[in-house]
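Student: Could you walk me through how to read a structure like the one below? I would like the general idea for each feature and then the case at hand.

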Number of protein chains: 2
Amino acid sequence: MAKTAVVLVSGGLDSTTCLALAQAEGFEIVAVSFDYGQRHAVELERARAVAEHYAVRRHYVLPLGLFREIGGSALTADIDVPKSERVEDLGSGIPVTYVPARNLVFLSHAVGVAEMEEAEAVFIGVNALDYSGYPDCRPAFIQAFERVSQLATKAGVEGQGLSIRAPLMRWTKAEIIQKGLKLGAPYHLTHSCYDPAPGGVACGRCDSCLLRLKGFADAGASDPVPYVAVAAPTEG
Amino acid sequence: MAKTAVVLVSGGLDSTTCLALAQAEGFEIVAVSFDYGQRHAVELERARAVAEHYAVRRHYVLPLGLFREIGGSALTADIDVPKSERVEDLGSGIPVTYVPARNLVFLSHAVGVAEMEEAEAVFIGVNALDYSGYPDCRPAFIQAFERVSQLATKAGVEGQGLSIRAPLMRWTKAEIIQKGLKLGAPYHLTHSCYDPAPGGVACGRCDSCLLRLKGFADAGASDPVPYVAVAAPTEG
């Protein structure tokens, strides 16, 4: 039997690359996405399209009430998404798009799924370099989470621990894209924009669009998704 | 301003004692419960009654799809709850009532709520002594989770860490009950049974009922909730 990995799939560029990497390593894939009150339904559509593209063994779309209940982020509540014209203008510190404890909650769910699906690994597409300042995207967080997941589970108690893999952690966005393109990742299906126009078209000016566009420019590739407006790419 | 604690409230005896302890320490309380597809709606009713009894600042009842989706436990799926006549007959090892990664997922949500509510502590009523063999009820798990919660959050990054408190960890069920009775914990509102009769009446024969009844007997107190059938209490 093939070894199994649970991959957190958001429909974005990073998690799609993560899935491509896990599959290239020979894992059979169980995808996990969340219906957590995202402002934009397009994210879940793209997650489904990516999971389908890879013909995953199973795709869990898990309802999650927390973030809607606690509000407090521009990704789920009525807070304006910040816009900039150039990637250099991105704010520093923890941005308003931060969702409290998001990766902690996502990974905890993935551990529950991994235990049921007898998976050996959980893949998450976090990145510490182009990470927009979220605390739960740092290597120390992932290491500490791996430890806690081994203590929390039957698999951990009985000896076979789960590994928490964050292969994109130290790559630039350009490196992520280059790796993904080499593996044939379906970037045309992905979505990164925090504030899409009707129909899901990317704005080209939120933090996430700016980082993505700069990544494609630095990788010497062109982004296959359409944009409302594209800020001038700058050199990396 | 009073310091704030998030308390995980299930409607059971342990979490109610935990809430009593947190309030006795002077914390203002934010209660968190989960609607996760429990087989018995009575649990959430009792959680609401306990939160109301303590006039908590806010009670979050968070919808949670995971456990229903992954199945695999007698608490959420159609697996028979084991019954015994005496507490000595309880099985060893990890029981079928184990829900994969449950405390990990519950605590992760509590951390998200704590961050929004600016709480300093999260209280969870886990217990390593009378714990029925769940891996995520051990002290090492709680310690590792405290570490990961500090790394995962804005509060942790900015210096004020969150503490994860499991005050019942090393107490016997009798000690928990004695402490709770001293603090006036409303045990008449609580529910522990894994397999209640219609109307929510406790069966008196599942693991949870047996441990509870033995606890009251050892504490020299009588349990204020009704039972369908009560197994003969045994000496501790």
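**Reading the sheet**

Tutor: In strand 5 of chain A, A:Ile164 is the bridge partner of A:Val122. This is a predicted model, in which local features need pLDDT of at least 70 and side-chain atom pairs count only at pLDDT 80 or more, while totals for chains, interfaces and linings use all residues. Residues are numbered from 1 along each chain as its sequence is written, and chains are lettered from A and ligands numbered from 1 in the order in which they are written.

Student: How many bridges join strand 4 of chain A to strand 5 of chain A?

Tutor: Two strands pair if DSSP finds at least two bridges between them. Here, three bridges link strand 4 (residues 121-123) of chain A with strand 5 of chain A, and the two run parallel. Strands (E, at least two residues) and helices (H or I, at least four) are DSSP runs, numbered from the N terminus.

Student: What is the strand order of the open sheet in chain A?

Tutor: The five strands follow the order 3-2-1-4-5, with parallel pairing. Strand 3 (58-63) and strand 5 (163-165) of chain A are the edge strands, each pairing on one side only.

**Reading a helix pair**

Student: What describes two packed helices?

Tutor: The angle between their axes and the distance between the axes. Axes are lines fitted to C-alpha atoms, for helices over the stretch in contact, with angles from 0 to 180 degrees between N-to-C directions. In chain B, the axes of helix 1 (residues 13-24) and helix 7 (residues 173-182) come within 9 Å and cross at roughly 45°. That makes helix 1 of chain B oblique to helix 7 of chain B; angles under 35 degrees count as roughly parallel, over 145 as roughly antiparallel, 65 to 115 as roughly perpendicular and the rest as oblique.

Student: Which residues meet between helix 1 and helix 7 of chain B?

Tutor: Contact requires C-beta atoms, placed from the backbone, within 7 Å. B:Asp14, B:Thr16, B:Thr17 and B:Ala20 of helix 1 meet B:Ile176, B:Lys179 and B:Gly180 of helix 7.

**Reading the chain pair**

Student: How many residues does the contact take from chain A and from chain B?

Tutor: It takes 38 residues from chain B and 38 residues from chain A. Helix 4 (102-117) of chain B gives the most to the side of chain B that touches chain A, with 10 residues.

Student: Why do the copies meet through the same surface?

Tutor: Because 100% of the interface residues of chain B are also interface residues in chain A.

Technical notes: Two residues are in contact if their C-beta atoms, placed from the backbone, lie within 7 Å.
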